[in-house]
Amino acid sequence: MSADAHGWGGLDDGTARQVLEEALAAASGPGVSFADVRLVEAEEERLYTDSRGELDERREHNAGLGVRVLLDGAWGFASGPLDGPDAVRAVARRAVAVAASSSGLARVVLPPREPSSGTWSVPVEVDPFAVDAAERHGLLQRVVAAASAPAEVRSVTAGLNAKRQHKHYADTEGARQHQHLVETGAMLLAVAADGSGAQRRSFPNSFHGNTAAGGWEYVLGLGLEAQAARVGEEAVALLRAPQAPGGTADVVIGPAQMALQIHESVGHALELDRILGDETNFAGRSWVQPEDIGTLRYGSPAVTVVADPTVAGTRGSFAWDDEGTPARRQPLIEEGVLRQVLSSRDSAARYGSEPTGAARADGWGYLPVCFATNVYLEPGEGSLDALLDRMGDGYLVDDNRSWSIDDRRMAFQFGTEAAWEVRGGKRGRLLKGFSYGGLTPQFWGSVEAVAGPEEFRAFGMPCGKGEPKQWGFLGHGAAPTLFRGIATGVAG
């Protein structure tokens with residue numbers, strides 16, 4: 001069997017089951033208390049075009065397996081592509097050998113777990129891989145043309161992406177799982193420039209756009225063509241906009257910026273492996289300590305944050321994580337008090353708690369590590385206009401332009417693409433160069449109110465973690481949120 005010899009779907013269910021059982025058999029033996037196997041087939045397509053009219057289209061396909069072995073209390077891991085009849089047994093035996101060479105390190109004891117088995121698929125109306133090339137190319141070309149209309153717009157980039165995966169999982173406790181994941185997304189970025197500098201606007205989110213668990217229907221629902229002209233015009237308007245002032249101000253932060261705020265100052269800070277020190281030499285630890293769980297005041301009573309991989313339609317959605325733990329909704333912060341953290345089976349065992357199902361891996365070639373899933377700020381009530389009226393004077397900001405946060409997830413600063421002055425509850429002038437900063441607990445403690453469910457938006461985001469570095473994809477969301485008295489104009 002060769003990963004390159006077959007296209008998508010070449011790894012049928014019968015073959016997958018055979019590979020899983022063969023790998024588990026090869027990984028079992030004296031001293032082995034646990035083993036699991038992930039067999040992943042993945043295909044990804046990306047299409048970009050820009051103001052020059054050039055098309056960059058790529059499709060990648062791979063299939064392989066990763067095997068974990070717990071031998072005499074020490075972990076071993078190995079992975080490899082499906083590139084021959086002996087590949088499966090060779091990978092499993094290599095995992096056993098790695099575990100044997102790791103003896104003497106900290107001993108791992110996994111608590112008992114009931115095996116969970118079944119199948120699960122992302123609901124898809126229109127397969128993004130079946131959409132005609134002319135339709136996809138035509139959409140991007142029309143979007144670029146509309147955003148490029150103003151003379152000051154110097155560059156526009158638009159893109160589409162889609163990914164599908166078959167994830168097969170089995171372990172020596174009896175779990176047998178099969179998940180079919182489909183993700184689809186789009187992005188638009190316009191940059192305007194004149195003698196005074198350059199400004200940019202993005203849609204539907206900055207940097208990588210937005211991606212959801214679903215099919216082509218998600219892209220059509222974004223309304224890219226309808227938004228493209230506004231995106232270009234706002235990039236030009238920012239060139240002439242006044243500089244946002246610094247000081248202390250009340251601010252309503254929109255959902256796109258809130259998604260990154262949640263990711264950096266809540267999601268990462270509440271990863272248990274980071275709290276226990278596993279990420280110290282790469283991306284830092286957390287200001288949260290293990291003994292804080294259950295008592296720490298993280299924010300104001302208006303702040304309730306949940307982790308919920310069972311929410312449909314977002315990139316952090318699944319039925320089981322990458323070590324077979326069933327997905328479930330759980331509160332992380334309730335009315336401002338820290339109640340739970342994000343954990344894998346290993347980190348939860350070291351802390352002495354139940355795993356929360358946050359072990360994720362970047363395909364078959366990597367060990368699962370603790371990644372956020374869908375982490376959301378629960379909405380409050382009322383519209384955005386009602387929230388602005390409640391604020392009175394201040395600023396409405398959204399869409400990230402830049403960010404920085406320290407290695408404890410404590411001190412941070414963010415810049416936004418756009419800001420609007422608000423006077424008497426009414427949105428006024430567009431401002432450029434807005435930034436704000438703070439310390440995590442004080443910042444979340446300044447939340448006065450969150451708008452209602454009708455204003456809630458979710459965003460799929462990529463995240464890098466671990467050594468060797470791997471990418472995880474997750475979901476964050478919020479409704480517009482009112483912060484009182486935060487520091488603005490902090491970016492240099």
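Val306 has Tyr376 of strand 15 as its bridge partner. This is a predicted model, in which local features need pLDDT of at least 70 and side-chain atom pairs count only at pLDDT 80 or more, while totals for chains, interfaces and linings use all residues. Residues are numbered from 1 along each chain as its sequence is written, and side-chain values use heavy atoms, with hydrogens and water left out.

The bridge belongs to the antiparallel pairing of strand 10 (residues 305–307) with strand 15 (residues 374–377), which runs over 3 bridges. Strands here are DSSP runs of E of at least two residues, helices are runs of H or I of at least four, and both are numbered from the N terminus; two strands pair if DSSP finds at least two bridges between them.

Helix 9 covers residues 384–391, and its residues Leu384, Leu387, Leu388 and Met391 are buried (under 20% relative accessible area with a 1.4 Å probe, protein chains only; exposed is over 50% and partly exposed lies in between). Viewed down the helix axis, the buried residues of helix 9 fall within an arc of 100°, so they line one face; the arc is that of the directions from the helix axis to the C-beta atoms. An α-helix has 3.6 residues a turn, so residues three or four places apart point the same way. Asp385 and Asp389 are exposed on the face of helix 9 turned away from the buried side. The cover over the buried residues includes strand 9 (247–253), strand 16 (394–405) and strand 23 (481–488). Just after helix 9, Gly392 has a positive phi of about 80°.

The largest nonpolar core has 71 residues, and Leu270, Tyr298, Ile333, Leu377 and Trp444 have the most contacts inside it. Such a core is a set of buried Ala, Val, Leu, Ile, Met, Phe, Trp, Tyr and Cys residues joined through side-chain atoms within 4.5 Å. Leaving aside residues up to four places away in sequence, Trp444 touches, among others, Met258, Ile262, Tyr298, Leu377 and Phe483 (contact means heavy atoms within 4.5 Å). A second, separate core of 27 residues includes Leu139, Val153, Ala192 and Leu239.
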